[in-house]
Structures are given as C-alpha cells and as structure tokens.
Amino acid sequence: MTSDELIADAAARSHTPQSWDVTVSESKFYWYDLLTDFPPIPDFRDPLGRYLRRMQFAVEATMEKRLMYMLVSRPKLRFDTSKSTSWGFFGLKLSIPILVGADQKRDAITIELNTPEDATLKKPTVQVFERFITLNWGSLIETYSIHDLLQNFNTKHDYPSKVQYVGQTRDPAGRLIKGRISGVNRACDNSGPDNDNFLLIQRMDFSTGAPIVADEGSDELHDLLLKDQMDLLECILIKYFEKDDEKMRSPREVQARQARVANLYQAHMLQRLQVDLGLEAPDAFQNLYSDRAKEASRHLFEVTFKGSEPVFRLPGKV
C-alpha cells in the first residue's frame with residue numbers, strides 16, 4: 001500500500017471531520033551564531049570547547065527527528081572584559097559588567113549562585129570571556145554563555161525574542177547546523193548587527209481524537225501522519241509569524257506551501273486546528289513576537305479553513 005493509500009484509508013476509517021490540538025511538550029534554545037562561527041570540532045579538553053561540543057551534539061540529534069524550529073533574534077549581549085566582576089557583601093551575589101547592542105551600551109547583571117554539591121570551594125574562581133563565563137568550584141567548572149544567565153537566573157533583563165524564520169529539523173544531511181539553509185542565512189542577515197540569533201527547537205504533541213487502528217501498517221501510518229501534521233503546522237506557523245517577503249521565500253515556495261495546506265486539509269477532513277505554544281514555566285526568552293505577531297508569552301490561536309485557506313482567530317479571541 002502506498003503512502004497516499006495509507007492516508008486515504010486512515011481518513012476513510014474515521015468517517016468524521018477532524019479537529020487537531022497542538023501543544024509544546026519540550027522547548028530548548030540554542031545560540032545559533034555559536035554553531036556557525038566556531039570551529040567544526042571544538043577542543044573538548046577546554047571548558048568552552050566542551051560547552052560548544054555538547055551543544056553541537058544536542059542540535060545534531062534533532063536532525064533525525066520531526067521537530068519544529070524557529071530562528072529567533074534577541075538584543076546582542078557581550079560580557080565587558082575590560083571591567084572586573086564583583087561580589088556582594090553577603091551570600092554569593094555576583095555582579096558582571098555587560099555590553100548591550102551594537103553600540104555596546106554599558107550595563108551589568110547580578111546573579112545569585114548556589115554552591116554545587118560536588119564543589120570543593122565555597123566561592124568559585126570567575127573567568128570572563130566575551131560570550132562566556134566560567135565558574136571554577138575546584139572539583140568542577142560551570143560554563144555559561146551570557147544568554148544562559150538570562151535564562152537560568154533572575155537578572156531583570158527581559159528582552160523579547162523575534163521570530164525570523166520557521167522550519168522543521170528533520171534533515172539527515174544536517175544542513176541547518178552546517179549553516180547551509182539559505183532562508184535561515186537570509187534571516188540572520190535581516191536581524192542585523194544589533195542582535196544575536198538562536199534556534200528555538202520544540203517537540204510538538206498532536207491530539208486528533210482519531211485513534212489509529214493497530215495493524216501491520218500502523219507504525220508506517222503513524223510516521224506518515226506525523227509528517228503530515230508537522231508539514232501542516234509548519235505552513236501554519238510560517239503564515240502566523242512571517243511576513244510575506246519574496247526575499248525570504250520565493251513565490252514558487254509560497255505556492256507549493258498553499259497547495260500542501262489544501263492537500264492536507266482535504267486528506268484529513270480537517271475542520272479546526274488549535275495551536276498553543278505556551279509553556280507551564282516560561283522564561284523571558286519565551287516572549288515571542290514577529291513583524292506579524294504581537295509579543296506574548298503564550299501564543300494561543302485557532303485556525304479554521306475557508307475552502308482550503310487558513311483563517312486565524314488570534315490570541316485573546318479564541
């Protein structure tokens with residue numbers, strides 16, 4: 001049985017129009033500029049090299065899976081290596097000078113550290129680089145990028161994340177991590193020198209209310225349905241976040257995507273799609289916006305179809 005026959009057979013068994021609910025089960029940010037700017041094989045003996053290599057491993061692993069990614073941009077941040085860090089009088093409060101934006105406006109962030117269980121020092125030795133900070137606790141070294149501090153500590157520096165580009169991770173050739181996807185590269189150029197670029201990679205859960213009949217083709221059918229679900233969600237998120245720009249996506253790509261939406265909508269008898277990108281415990285990085293979508297920590301919207309054209313009911317109106 002061909003893939004089209006499997007999908008048609010699954011639709012015929014349901015006999016009813018479908019409604020899909022999509023939620024985020026896992027969400028992770030990776031500093032994309034680090035993946036493309038640093039050596040292909042960092043030195044694993046160095047704390048910064050270990051950090052970069054672990055990030056490479058993590059992103060490489062997503063290339064075999066059907067996950068959603070967004071290229072997002074945030075204000076450029078660097079540590080000010082010309083100034084020294086300082087400790088507070090009590091506890092482990094560490095103040096770190098930083099530079100913000102392309103004009104390198106001087107600022108500082110303060111974090112309160114907790115001593116790791118395996119530490120042999122009560123107060124770590126601090127080493128600051130332009131993009132990283134290391135905390136040497138004697139028996140172990142913690143490494144953070146400057147943006148990690150904003151996610152892991154309450155620094156009161158809340159910057160929203162601007163969505164520039166939407167895609168899927170599934171790519172055994174690993175073009176994304178190698179910097180070979182032209183649309184992503186154009187999006188990085190568009191974000192400009194004032195910003196740093198990140199990959200927001202998310203695992204999505206789909207609830208369709210239509211159980212799959214267990215038979216010899218169920219595993220293959222499950223994979224085909226997941227591909228259809230992710231393809232449709234990708235098309236919807238592109239339309240939700242991205243503005244129409246021929247420099248980013250060619251008219252041929254736009255036309256192919258419209259045809260794909262029409263095909264999937266009809267094949268699955270889809271009446272309604274609800275997307276909830278919110279997390280139970282969001283951090284400041286999760287405040288997403290774009291040229292088309294307003295800033296929100298939780299993007300919740302419903303899609304219905306007029307013919308095969310998706311119609312949005314925006315957040316706050318669902």
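Modeller: Let us begin with helix α6 (residues 218-241) and helix α7 (residues 251-267), whose axes come within 10 Å and cross at roughly 130°. Helices here are DSSP runs of H or I of at least four residues, strands are runs of E of at least two, and both are numbered from the N terminus. Axes are lines fitted to C-alpha atoms, for helices over the stretch in contact, and angles run from 0 to 180 degrees between N-to-C directions. The two helices, α6 and α7, are therefore oblique to each other; angles under 35 degrees count as roughly parallel, over 145 as roughly antiparallel, 65 to 115 as roughly perpendicular and the rest as oblique. Their contact, meaning heavy atoms within 4.5 Å, is made by Lys-227, Asp-228, Asp-231, Leu-232, Cys-235 and Ile-238 of α6 and by Arg-257, Arg-260, Val-261 and Leu-264 of α7. By class, this contact of α6 with α7 has five nonpolar, no polar and five charged residues. Ala, Val, Leu, Ile, Met, Phe, Trp, Tyr, Cys and Pro count as nonpolar, Asp, Glu, Lys and Arg as charged, and the others, Gly among them, as polar.

This is a predicted model, in which local features need pLDDT of at least 70 and side-chain atom pairs count only at pLDDT 80 or more, while totals for chains, interfaces and linings use all residues. Residues are numbered from 1 along each chain as its sequence is written, and side-chain values use heavy atoms, with hydrogens and water left out.

Helix α6 also lies across β1 (18-31), β2 (68-75), β10, β11 (195-207), β12 (270-276), β13, β14 (300-306) and β15, and runs at about 150° to β10. These strands form an open sheet of eight, in the order β13-β10-β2-β11-β1-β12-β14-β15, with mixed pairing; two strands pair if DSSP finds at least two bridges between them. At the edges stand β13 (288-289) and β15 (309-313), each with a single partner strand, so one side of each has no neighbour in the sheet. Strand β10 (residues 161-168) runs parallel to β13 and is joined to β13 by two bridges. Within β13, Tyr-289 stands opposite Lys-162.
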